[in-house]
Amino acid sequence: MKSALFKSSLLTIALAASELAHSDALIGPNLTEALTSDESNYKVIVTGKDKAGVSVLMQELHVPYLALQTMPMVGATLTKSQIEALAANPNIKSIYQDVPLEYYNYTSGEITGAHIVHDTLGLTGNGVTVAVLDSGVDATHPDLQLGETTVENVKIVGDLDLLGGINVFVEKVPNSDTSSGHGTHVAGTVAGTGEASKDDSRRAHAEDGIAPEAGIVGLGAGEGISILYGLLGFDYAIANQDRLSIDVITNSWGGGDGANFDPNNPINVASYEAYRNGMVVSFAASNSGPDENTLNQYAIAPWVINVAAGTSEKLLADFSSRGVADVQYKQPDITAPGQSITSTRAPNTAIGAMGPVIDLNNPSYALYYHTISGTSMATPFIAGVAALMLEANPDLSPDQVESIMMETAEPMPDYQPHEVGSGYIDVPAAIQLAMETTGNMRAFMDGDTLWSSKGEWTTIDNNDEKLNYEGTWRELAIKDAYEGSIEIGTSTSSSVKTVVNGDRVRFTIVTRRKRPGTVEFYVDGKLVEREVVHVPGTDKFNPGFVTFTLDNMGEGAHNVELVTRSRNIALDRIEVDGSFLSDDVVFSERTQLDEGLMGPSAENLEVQELPLEIQRGDTKIESTLSWDAVADLDFYLVDPNGEEVASSASLANPEVLAFEPKVAGTHLLRVTGFISVATPFTIETTVTSASNN
C-alpha cells in the first residue's frame with residue numbers, strides 16, 4: 001500500500017540483449033505499449049552508439065530534437081513510423097518513452113535536529129561541491145545565497161517542439177524553485193549555512209546542513225520532472241564537472257518502484273556516466289513502504305548509493321521502501337535520518353507550505369524553515385556525509401565512499417538487509433575510516449571500478465577455455481585466487497590471449513617476485529600498455545595481487561593479450577565490461593519460411609502463431625512479414641516465457657523485426673490482423689548462430 005505523497009507511476013523497464021551481434025534497437029516497454037495506441041506523436045529518448053551518428057540520423061528525419069552534450073542521447077517527439085525507422089538502424093541502441101518522474105516526500109509536523117556532526121568533527125564539507133538535481137533551489141534564502149553557498153544555480157529549459165528543439169541551461173538564477181519547494185529543502189539538508197538561525201540560543205546556526213561549507217550546484221528540473229529533464233540535469237553536471245568541481249550528485253526523485261534493474265534505461269546510463277567520471281551518486285529509495293519490492297528503479301543501480309529513511313530513534317521509517325530478501329540489487333545500501341527533518345523553506349511553493357517551524361523564541365523560523373519527511377530528506381543527508389568524507393580524504397573513489405559508509409554503519413538488528421541495507425549511518429565512524437583509508441581515485445578514473453556498465457563484470461578465471469596460452473605456463477593452487485589457482489608464466493615471453501566484446505577489460509595479475517617485474521598488454525595486435533608489477537613484501541610464499549585496466553578500447557570485438565616480460569608473474573582472472581567470445585567463433589545462418597492466411601479481422605482480433613525453435617548459440621533473429629492484399633498486419637516475437645520481446649506494428653508492408661535471444665526454446669512468430677479480409681502472408685526468418693570452429 002503506497003502511503004506517501006508524490007509517488008511515481010513509471011512502469012517497469014527490464015530489457016536486455018546479447019552482446020554478440022547487432023540488432024534492432026531496444027524499445028522500452030512503456031513505448032512498446034504506447035505504440036499500440038492511436039496517438040500521432042510520442043516523446044522519446046533515443047540513445048545511439050555515438051553523439052555524431054545519432055545527431056545525423058535525427059537531422060535526416062527533419063524534426064526538432066534536443067541533443068545531450070556528454071552522452072549519445074537525444075530527446076524528440078516522433079511519429080510511429082519515425083520510431084520504427086530509427087529502431088531498425090544499427091547505429092541506434094535504444095528508444096525509451098519520456099515519461100513523468102516524481103519527487104519523494106512524506107509529510108510530518110515534528111521537528112528533529114540531525115545536523116550537528118560538523119561541530120564535533122571539525123569538518124564542514126569545505127572544498128567539496130554537491131550537485132542537487134531536483135525542482136530547483138531558492139538561492140535568495142539566507143542559508144543558500146547565490147555566489148556563496150550556491151556556487152551555480154541552473155534552470156533547465158527544454159522544449160522538444162519549438163524552434164528546432166530548445167535546450168537551454170539558464171545559469172545564475174536567483175530562484176529556480178518557484179513552484180515546488182522540494183529542491184530548496186534538499187539543498188539545505190546538504191549544505192545550508194544556518195544563517196537564518198545564527199542567533200539561536202541552543203547553538204549558533206542551529207538549522208545548518210550536514211556539510212554547511214560545501215558548495216551547491218542547483219540543477220532545477222522544475223516541478224514536472226521527466227526522464228528528459230533528469231537526463232539534462234546529469235548532462236549538465238557531467239559537462240561542467242571540472243569547471244564547477246562537482247564531486248557528488250544527489251537525486252531525491254525516481255520512478256518505477258519495484259522494477260528490475262535495467263542497465264539500458266537512459267537514467268541508469270546517465271548515472272553510470274557520472275559515476276565513471278568520479279562523482280558519488282545518491283538516489284532516494286522511495287516512499288512506498290512498508291510493502292516489499294517497492295524500491296525506486298534508479299536507486300537499485302549498483303553504482304549509486306540507495307538511501308532508506310530512518311527515524312531519530314534509529315528505527316526504519318514506515319514509509320521507506322523495502323526491497324526483496326536475497327535478490328541481487330533489491331536492497332537499500334544505507335539508512336539515514338529521513339523523518340521530520342527541518343531544513344530550508346521556499347515560501348509560496350506547494351511543499352514549502354508544509355510543516356513550517358513554529359518556534360515562539362524564533363518567530364522568523366516559520367518563514368525560513370519547515371519540517372518534512374521522506375527518503376528525499378535522507379538522500380541529501382548521505383550526500384552531505386559524502387562531502388565530509390571527501391573533505392577528510394579527497395582521494396577517495398565513489399566506490400570507497402559507499403563501502404566505508406556501509407562498513408561503518410550502525411547495525412539495525414530488528415530489520416533485514418533488504419529493508420535497511422547495512423544499517424544506520426554512523427558519521428563519526430565513517431569519517432574516521434575515511435581518514436585512515438588510502439584513496440584509489442586515480443585507479444578508479446583509469447577504469448578500475450567496482451561496477452561495470454551492466455552491473456557485474458563478466459569474469460573468467462585462468463582455466464577458462466576462452467583463454468589461449470602460448471609459451472611456458474604452469475598452474476599453481478593458491479588460496480586467495482579467484483577460483484583457487486593461478487597460471488604462472490615461466491619465461492620472458494609467455495602470453496595469454498582472449499577475445500572480448502566491450503570497451504574495457506581488467507586483468508588481475510599475481511606476482512611472486514621480490515623485485516619488480518614487467519608485463520605488456522596488446523589490443524588488436526597493438527601494444528597499448530607496458531606496466532611494472534611490484535607489491536612490497538612479496539615472495540613465492542606471500543604472493544601479491546595487482547589489477548590493470550585497459551579502458552576506452554571502443555565498442556565491438558577486440559583481441560586482447562597479456563605478455564609476461566619477467567618470470568614468476570601469473571594470471572588470476574580477466575574481467576570485461578561486456579562479454580567474452582571464443583577466439584575461433586564462427587557465425588552461420590539458417591532460414592525458415594512460413595506461410596499463412598489471415599482471415600477477416602479488425603484491430604488485431606485475429607491472431608496466428610507460428611513456432612520458431614531457438615537453440616543455444618543463436619545470437620540474432622531477423623524476420624520479415626509480407627503480404628499482397630490490401631491489409632494491415634502486425635508482427636510480434638514471443639519468447640518461451642510468453643513475453644513479447646520484439647514487435648513491428650506500423651502501416652508498412654513488409655513488417656520487419658529483429659532480436660537477440662537470451663534463452664533457447666520455442667519462440668512464436670505472432671501475426672495479428674489490424675485490418676484484413678482474406679490476406680495470404682509470408683514470413684521469412686533468418687537466425688544467426690555463433691559456434692566454435
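Leaving aside its neighbours within four places in sequence, with which residues is G220 in contact? In this predicted model, local features need pLDDT of at least 70 and side-chain atom pairs count only at pLDDT 80 or more, while totals for chains, interfaces and linings use all residues. Residues are numbered from 1 along each chain as its sequence is written, and side-chain values use heavy atoms, with hydrogens and water left out.

Beyond its neighbours within four places in sequence, G220 is in contact with D134, S135, G136, V154, K155, I156 and S176; contact means heavy atoms within 4.5 Å. G220 belongs to strand β10, residues 215–220. Strands (E, at least two residues) and helices (H or I, at least four) are DSSP runs, numbered from the N terminus. G220 counts as buried because its relative accessibility is 0%. Buried means under 20% relative accessible area, exposed over 50%, and partly exposed in between, with a 1.4 Å probe and protein chains only.

D177 is located in the loop between β9 (166–170) and α5 (182–191). D177 is buried but has no salt bridge, and K155, the nearest side chain of opposite charge, is 6.8 Å away. A salt bridge is a side-chain nitrogen of Lys or Arg within 4 Å of a carboxyl oxygen of Asp or Glu. For charge, Lys and Arg count as positive and Asp and Glu as negative, whereas His and the chain ends are not counted. With its neighbours within four places in sequence left aside, the contacts of D177 include S135, G136, H182 and T349.

Helix α11 (residues 398–408) is mostly covered, with 8 of its 11 residues buried. Among them are P398, V401, I404 and M405.

The loop between β13 (280–284) and β14 (305–310) contains P290. A cis peptide bond, with omega about 5°, joins G289 and P290. S286 lies in the loop between β13 and β14, and its phi is near 100°, a positive value in a residue other than glycine. N293 is also found in the loop between β13 and β14; its phi, near 55°, is positive in a residue other than glycine. Most residues other than glycine have a negative phi, and most peptide bonds are trans. S286 counts as buried because its relative accessibility is 0%, whereas N293, at 33%, counts as partly exposed.
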